[in-house]
Amino acid sequence: MRLRHIPGSEKEIAASPYVVQNPEEKKGRWNEVFGNERPIEIEVGMGKGRFIMELASLHPDINYVGIERYPSVLLRGLQKREGLELDNIFFMCVDAKNLMDIFEPGEVQKIYLNFSDPWPKDRHAKRRLTSEEFMEVYDKILKPDGVVEFKTDNKGLFDYSLEAIPGEVWEIKEFTYDLHHSEMGEGNVMTEYEEKFSSKGNPIYKLVAGRK
C-alpha cells in the first residue's frame with residue numbers, strides 16, 4: 001500500500017523537540033539525551049506511536065525511542081505526543097538498517113517489532129525486520145541479556161521468523177499463535193493495528209528472541 005505523503009512533514013519533524021536530529025552524533029551518549037542512566041527500549045517501525053507512548057506512560061523508569069522511517073507516518077505520532085506529559089521518550093526518522101551507527105554495542109535493552117511489513121515476495125526476504133540481516137544489526141546494539149519482541153497478524157511472516165531467527169546466536173525464548181488467549185498476553189499493550197484486527201477475531205502471533 002502506498003503511503004500518502006503529507007506536505008511539510010519533513011519540515012515539522014526537523015523542528016520538533018521530540019525528534020532526535022542527527023542521531024549518529026548521540027551514539028554512546030543516549031544517557032545524555034535522556035539525562036539519566038535508565039535502560040533504553042526501542043520500537044522499530046512505530047507507526048503512529050500508540051504502543052510506545054503507552055509503554056512510556058506505564059514505565060517512567062525506562063527510556064524509549066520510537067523509530068519510523070516515513071516522515072508522514074512519524075508526523076501522526078508527533079501530533080499525539082504533543083498532548084502527553086512524558087520525559088522518557090524521543091523519536092527518530094531513520095532506516096533500521098542504520099541502527100549500528102546510532103547505538104553503541106549494549107546500549108539497548110529491548111527491541112519491539114510490531115506488525116512489520118511482511119514483504120511476501122522471496123526476493124524481498126532480506127527486508128523483513130526478522131531476517132538474518134536485521135537480526136545481525138540487533139545483535140550489535142542489544143545488551144547480552146537483551147531481547148527482541150515481535151508481534152504480527154501475518155502467519156506467513158511469523159512462520160518465516162520462527163525458522164529464520166534461530167541460529168548460532170539467537171534462539172526463540174517463547175512464542176504463541178494466539179497472544180490474546182495465552183499467558184504471554186498478560187500485560188500486553190496493543191497497537192492501533194492490533195486492536196483493529198483482533199476485534200475482528202483474528203489471532204495475533206508473538207515471539208520473544210534472545211541470545212543463546
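1. A residue is called buried under 20% relative accessible area, exposed over 50%, and partly exposed in between. The model discussed here is predicted. By that scale Asn 22 is partly exposed, because its relative accessible area is 48%. Asn 22 belongs to the loop that runs between helix H1 (9-15) and H2.

2. The backbone of Asn 22 deserves a remark. Most residues other than glycine have a negative phi. The phi of Asn 22, in contrast, is positive, near 50°, and the residue is not a glycine. A positive phi, about 40°, is also found at Trp 119, again not a glycine. Trp 119 sits in the loop between S4 and helix H5 (132-141). With 23% relative accessibility, Trp 119 is classed as partly exposed.

3. Strand S1 (residues 40-44) pairs with S4 in the parallel sense, over 4 bridges. Within this pairing, Ile 42 has Ile 111 of S4 as its bridge partner.

4. S4 also pairs with strand S5 (residues 142-152), in the parallel sense and over 6 bridges. Tyr 112 has Glu 149 in S5 as its bridge partner, and Asn 114 stands opposite Lys 151 in S5. S5 is likewise described as mostly covered, with 8 of its 11 residues buried.

5. Glu 149 and Lys 110 form a salt bridge, at 3.3 Å from N to O. Because Glu 149 belongs to strand S5 and Lys 110 to strand S4, this pair ties together parts that lie 39 residues apart in sequence. How accessible are the two partners, Glu 149 and Lys 110? Glu 149 is buried at a relative accessible area of 15%, and Lys 110 is buried at 18%. Through salt bridges with shared partners, Lys 110, Glu 149 and Lys 206 are joined into one network.

6. How many salt bridges does the structure hold? The count is 10. Side chains of opposite charge can pair when their charged atoms come close. One of these contacts joins the side chains of Glu 195 and Arg 50, with 3.1 Å from N to O. Since Glu 195 is in helix H7 and Arg 50 is in helix H3 (residues 50-58), the contact ties together parts 145 residues apart in sequence. Both partners are partly exposed: Glu 195 has a relative accessible area of 39%, and Arg 50 has a relative accessibility of 24%.

7. A further salt bridge links Arg 69 and Asp 95, whose closest N and O atoms are 3.5 Å apart. This pair connects distant parts of the chain, 26 residues apart: Arg 69 is in the loop between strand S2 (63-67) and helix H4 (71-81), while Asp 95 is in the loop between strand S3 (89-92) and S4. The partners fall into separate classes of accessibility. Arg 69 is partly exposed at 45% relative accessibility, whereas Asp 95 is buried at a relative accessible area of 18%.

8. Which residues gather in a patch of positive charge on the surface? They are Arg 4, Lys 48, Arg 76, Lys 196 and Lys 200. Lys 200 is placed in the loop between helix H7 (192-198) and strand S7 (205-211). Lys 200 counts as exposed because its relative accessible area of 58% is over 50%.

9. Where is Arg 38 found? Arg 38 is in the loop between helix H2 (30-34) and S1. Its relative accessibility of 35% makes Arg 38 partly exposed. The C-alpha atom of Arg 38 is separated by 25 Å from that of Met 184, and the two residues are 146 residues apart along the chain.

Notes
Residues numbered from 1 in each chain as written. Predicted model: local features only at pLDDT ≥ 70, side-chain atom pairs only at ≥ 80, totals over all residues. Heavy atoms only, no water. Patch = residues over 30% accessible without salt bridge, like charges linked within 9 Å, V, L, I, M, F, W, Y side chains within 5 Å. Areas by Shrake-Rupley, 256 points an atom, 1.4 Å probe, with all protein chains shown as cover. Salt bridge = Lys/Arg side-chain N within 4 Å of Asp/Glu carboxyl O. Lys, Arg positive; Asp, Glu negative; His and termini not counted. Charge placed at Lys NZ, Arg CZ, Asp CG, Glu CD. Helix = DSSP H or I, 4+ residues; strand = E, 2+ residues; numbered from the N terminus. Buried < 20%, exposed > 50% of the residue type's maximum accessible area, 1.4 Å probe, protein only. Pairing = 2+ DSSP bridges.
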